[in-house]
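The following note concerns helix packing and a few individual residues. Please read it alongside the model.

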Amino acid sequence: MSLESVLRELGKEIQKDERFAALKAAAAANDANENLQKQMQELQLISLKYQQEMQKGEEVDHDRITELQGEYQSVYNDIMQTEEMQAYSAAASEMEQMAQYISGMIGLFFDGQDPETCELPPQDCTHDCSTCGGCH
């Protein structure tokens with residue numbers, strides 16, 4: 001089996017994983033929430049106004065910048081407090097953990113570790129072997 005074939009199989013397995021399904025469902029719920037979509041558009045508009053103000057060089061209105069930063073933070077906080085966005089953030093975090101695990105394992109393979117038996121060191125690994133009971 002070629003490396004490309006194995007990678008494609010990995011991709012299929014990732015997409016079959018319940019964490020991937022949860023992320024897709026959370027994204028769909030966000031897309032379906034009209035109020036959330038309006039808030040996201042409002043956030044983009046504030047960001048655009050901020051960028052335009054910052055491009056004024058020496059003529060920048062610092063009070064306006066502060067006002068826009070406050071508006072942005074307020075809308076952002078509102079968005080992040082929605083049930084849909086909290087579910088999305090949790091699902092995205094799970095996918096990130098999966099990606100880190102896959103990346104870590106691939107790193108071990110590149111280091112010459114035995115693919116059949118190698119394991120990632122514990123999360124609290126300091127990379128100073130004197131602090132550890134042994135991970136390899």
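1. Basis of the note. This is a predicted model, in which local features need pLDDT of at least 70 and side-chain atom pairs count only at pLDDT 80 or more, while totals for chains, interfaces and linings use all residues. Residues are numbered from 1 along each chain as its sequence is written, and side-chain values use heavy atoms, with hydrogens and water left out.

2. Geometry of H2 and H5. Helix H2 covers residues 18–32 and helix H5 residues 83–110; their axes come within 8 Å and cross at roughly 150 degrees. Helices here are DSSP runs (H or I, at least four residues) numbered from the N terminus, and axes are lines fitted to C-alpha atoms over the stretch in contact, with angles from 0 to 180 degrees between N-to-C directions. That angle makes H2 roughly antiparallel to H5 (over 145 degrees). The crossing of H2 and H5 is left-handed, that is, the near helix is turned anticlockwise from the far one by less than a right angle.

3. Residues joining H2 and H5. On the H2 side the contact (heavy atoms within 4.5 Å) includes Phe20, Leu23 and Ala26, and on the H5 side it includes Tyr88, Met95 and Met98. By class, the contact of H2 with H5 holds 13 nonpolar, 1 polar and 3 charged residues. Nonpolar covers Ala, Val, Leu, Ile, Met, Phe, Trp, Tyr, Cys and Pro; charged covers Asp, Glu, Lys and Arg; the others, Gly among them, are polar.

4. H3 and H4. Helix H4 (residues 62–80) packs with H3 at an angle of about 160 degrees, the axes being 9 Å apart. H3 and H4 are therefore roughly antiparallel to each other, and their crossing is left-handed. Among the residues that meet are Leu43, Ile46 and Tyr50 in H3 and Leu68, Tyr72 and Val75 in H4. The contact of H3 with H4 comprises 12 nonpolar, 3 polar and 6 charged residues.

5. Asn33. Asn33 lies in the loop between H2 and helix H3 (34–54). Its side chain makes a polar contact with the side chain of Glu84 at 3.2 Å; such a contact is a pair of N or O atoms within 3.5 Å, one able to donate a hydrogen and the other to accept it.

6. Glu18. This residue, Glu18, belongs to helix H2 and is exposed, with a relative accessible area of 67%. The C-alpha atoms of Glu18 and Met95 are separated by 9.8 Å, although the two are 77 residues apart along the chain.

How values were computed
Helix = DSSP H or I, 4+ residues; strand = E, 2+ residues; numbered from the N terminus. Parallel < 35°, antiparallel > 145°, perpendicular 65-115°, else oblique. Buried < 20%, exposed > 50% of the residue type's maximum accessible area, 1.4 Å probe, protein only.
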